[in-house]
Amino acid sequence: PVWAQDVDVFTSPDRNTTEAARQKGLGAIVAMLNAGELQFLDLLRSMESCLVTTDDARRARGVLLLAEAVTQYGVSPAGAPKRAMPKPAAELLAQFFASKLEDFAVIRAALMGCTFLLNARSGVGEALVTHETARTMADKLFEAVHVPSLVQGDRFRSYEMLLAL
């Protein structure tokens with residue numbers, strides 16, 4: 001796909017890849033998601049190799065790409081209301097991020113994705129993730145994450161996730 005290069009740039013563990021290049025790739029992916037040219041499920045499927053790799057840095061950047069795409073999805077230019085994510089995509093991504101709470105290398109991005117999705121609302125104000133999915137996310141947090149052992153920023157993200165529940 002056309003956007004595969006953007007994924008590769010963002011997830012590259014190469015320290016010579018500039019942050020500006022990574023942000024440009026992320027911006028292109030978010031623009032395609034917002035335009036409907038790319039679906040979250042297709043993005044998730046195509047990113048499989050970087051989401052299951054044994055390279056911690058690449059895997060962490062892959063999960064971060066998804067978390068950043070989720071947080072930036074639907075953002076409209078100046079003053080226009082934000083477009084809500086489709087409920088099936090939100091459910092799938094919530095389950096994905098919850099499963100990643102077990103992976104210490106990607107915990108920061110997983111917490112970011114979980115917290116955003118727990119706070120996300122549809123156009124009519126109802127939660128995008130079901131009560132059942134939120135409960136599963138909470139169970140994963142309590143089972144897989146030892147919050148006191150995390151660095152301060154990640155502990156803060158953990159508490160933000162708890163508040164969102």
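I take buried to mean under 20% relative accessible area, exposed over 50%, and partly exposed in between, with a 1.4 Å probe and protein chains only. By that scale I looked up Tyr-159 and found it partly exposed, because its relative accessibility is 43%.

**Entry 1. Ground rules**

I am working on a predicted model, in which local features need pLDDT of at least 70 and side-chain atom pairs count only at pLDDT 80 or more, while totals for chains, interfaces and linings use all residues. Residues are numbered from 1 along each chain as its sequence is written, and side-chain values use heavy atoms, with hydrogens and water left out.

Helices (H or I, at least four residues) and strands (E, at least two) are taken as DSSP runs, numbered from the N terminus.

**Entry 2. Salt bridges**

I count a salt bridge when a side-chain nitrogen of Lys or Arg lies within 4 Å of a carboxyl oxygen of Asp or Glu. How many salt bridges does the structure hold? I find seven.

I looked up Lys-87 and found a salt bridge with Glu-126, where the closest N and O atoms are 2.9 Å apart. Lys-87 belongs to helix 6 (residues 87-99) and Glu-126 to the loop between helix 7 (107-119) and helix 8 (131-144), so this pair ties together parts that are 39 residues apart in sequence. I note Lys-87 as partly exposed, at a relative accessible area of 32%. Glu-126 is also noted as partly exposed, at 42% relative accessibility.

**Entry 3. Asp-154 and its partners**

Next I checked Arg-108, which forms a salt bridge with Asp-154, the closest N and O atoms being 2.8 Å apart. Distant parts of the chain are linked by this pair, since Arg-108 is in helix 7 and Asp-154 in helix 9 (residues 152-164), 46 residues apart.

Is Asp-154 buried or exposed? I record Asp-154 as buried, with a relative accessible area of 6%. Arg-108, by contrast, is partly exposed at 43%.

Asp-154 also forms a salt bridge with Arg-157, with 3.3 Å between the closest N and O atoms. Both residues lie in helix 9, three residues apart, which is about one turn of the helix. The relative accessible area of Arg-157 is 25%, and I therefore class Arg-157 as partly exposed. I then noted a network in which salt bridges that share partners join Asp-56, Arg-59 and Asp-103.

**Entry 4. Nonpolar surface patch**

For patches I use residues with over 30% relative accessible area and no salt bridge, joining like charges within 9 Å and nonpolar side chains (Val, Leu, Ile, Met, Phe, Trp, Tyr) within 5 Å. Accessible areas come from the Shrake-Rupley method with a 1.4 Å probe, and for residues only the protein chains shown count as cover.

Which residues form a nonpolar patch on the surface? I find Phe-142, Tyr-159, Leu-162 and Leu-165, with about 400 Å² of accessible area together. Tyr-159 is placed in helix 9.

**Entry 5. The largest pocket**

I search a 1 Å grid over the protein atoms alone; a pocket is an open set of points where a 1.4 Å probe fits, with protein on both sides within 12 Å along at least five of seven lines, and lining residues have an atom within 4 Å of a point. Grid points are joined across faces, edges and corners, and a volume is the space filled by probe spheres set on the points.

The volume of the largest pocket comes to about 270 Å³. Its lining has 14 residues, and Ala-60, Ala-105, Val-106, Arg-108 and Ala-109 lie nearest the centre. Two or more lining residues are given by each of helix 5 (56-72), helix 7 and helix 9. Helix 7 gives the largest share, four residues.

I count Ala, Val, Leu, Ile, Met, Phe, Trp, Tyr, Cys and Pro as nonpolar, Asp, Glu, Lys and Arg as charged, and the others, Gly among them, as polar. On that basis the lining divides into ten nonpolar residues, no polar ones and four charged.

**Entry 6. C-alpha separations**

I looked up Glu-48 in helix 4 (residues 48-51) and note Glu-48 as exposed at 52%. Its C-alpha atom is 9.0 Å from that of Gly-62, 14 residues away along the chain.

Phe-10 lies in helix 1 (residues 4-11) and is buried, at 2% relative accessibility. Between the C-alpha atoms of Phe-10 and Val-129 I record 27 Å, the two being 119 residues apart along the chain.
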